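Please keep the sequence and the coordinates open while reading.

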Amino acid sequence: MSRKLFSTLLISALLIGLLSMVACSDDEPAAIIQPPGADSPEALTALPRIWEVPPQPEPATMAEEITVTTLLQLTPLIPGELLATMHTSLGDITMRFFPTEAPQAVENFLTHAWDGYYDNISFHRVMPNFMIQGGCPEGTGMTGESIWGYTFGQELSTELRHFRGALAMAQTAMPNSIGSQFYFVQNSNLDPGFVSDFTSMLEMQDEEMPAFPDGSSVTVSDIYPYDSLRYFLDNGGTPHLDWHFSENPHTVFGHVVSGMDVVDTIANVQTEGGGNTNPFQHRPVEPVFILGFTFFFYGGE
């Protein structure tokens, strides 16, 4: 694919995918983060309302609206940052959250987790080289509701990607269909097509794309910074679920900071067969349960 054609296709996808939707190294840290015991003074006794964040300034231009500034998932943990450890029957998964980018999703997930909604629920859909999904009270993938009793819509952020380790909300093809179900991205190998495109974009960082209707413009690096491309190529992920490529993108609201080995273990358990004739073909034969959560503030290295 020529660079000119690739740029034209990418900017078209951005305009269609983002403007229509938004208007409505190593993936395991060197130190395993150990959650405190239930009786430890570090364990929280009340859930902090981290989703109450100041209003974000409106972008001045269309280019500013889609420009990446921080890549939050790749930033170091901050002392005092809220973390949660999900205790499963196969081990612990500790995660961080991004309330400035997805306040509804963060509030919904944390409140459900704190209230015990997810306790004793099994992962109903596990697919190696893709993701593990849970949050359905019946373990079928057919039920679940938000803390408000109704479903809600996507919260799309240029700062968050479906990197390996991303925590995101599940949804259907219908708008405003997020309830209680969530998934962890497990894939460690990109589709060959993405490998080819992302490798090309590493060499196109300064290339300017066609201008937006308001006259503003962006370069490849404004949308796909070198670090994001390198992270996808080195660690994996599911970029086809991001707003850049999907007509029905999914909401990323957190990221695993410890326990990707547990995510891998769950993804590779034996599942029911039967192909497309069995609606539960990706359900573990031996259920993998969420046992509960521990919440604590990161204390630093």
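Accessible areas here come from the Shrake-Rupley method with a 1.4 Å probe. By that method, the protein chain of this predicted model has an accessible surface of about 13700 Å². Carbon and sulfur atoms account for 53% of that surface. The chain has 301 residues, and 51% of them count as buried. Its secondary structure consists of 7 helices and 8 strands.

Strand 4 covers residues 131–134, and Ile132 belongs to it. Is Ile132 buried or exposed? Residues under 20% relative accessible area count as buried; Ile132 has 0% relative accessibility and is therefore buried.

The surroundings of Ile132 can be listed by contact. With neighbours within four places in sequence set aside, Ile132 touches Phe123, Arg125 and Val126, then Phe182, Tyr183 and Phe184, and finally Val263, Ile266 and Ala267. A separate pair gives a distance in space: the C-alpha atoms of Ile132 and Asn187 are 9.8 Å apart, while 55 residues separate the two in sequence.

The next topic is empty space. Rolling a probe the size of a water molecule over the atoms shows where such space is left. The second largest pocket holds about 580 Å³. Its lining is made up of 28 residues, and those nearest its centre are His124, Arg125, Gln133, Gly141 and Gln181. Arg125 is also among the contacts of Ile132. By residue class, the lining of this second largest pocket comprises 17 polar, 9 nonpolar and 2 charged residues.

Note on methods. Residues are numbered from 1 along each chain as its sequence is written. This is a predicted model: local features need pLDDT of at least 70, side-chain atom pairs count only at pLDDT 80 or more; totals for chains, interfaces and linings use all residues. Side-chain values use heavy atoms; hydrogens and water are left out. Helices (H or I, at least four residues) and strands (E, at least two) are DSSP runs, numbered from the N terminus. Buried means under 20% relative accessible area, exposed over 50%, partly exposed in between (1.4 Å probe, protein chains only). Contact means heavy atoms within 4.5 Å. On a 1 Å grid over the protein atoms alone, a cavity is a set of points where a 1.4 Å probe fits but cannot get out, and a pocket is an open set with protein on both sides within 12 Å along at least five of seven lines; lining residues have an atom within 4 Å of a point. Grid points are joined across faces, edges and corners, and a volume is the space filled by probe spheres set on the points. Ala, Val, Leu, Ile, Met, Phe, Trp, Tyr, Cys and Pro count as nonpolar, Asp, Glu, Lys and Arg as charged, and the others, Gly among them, as polar.
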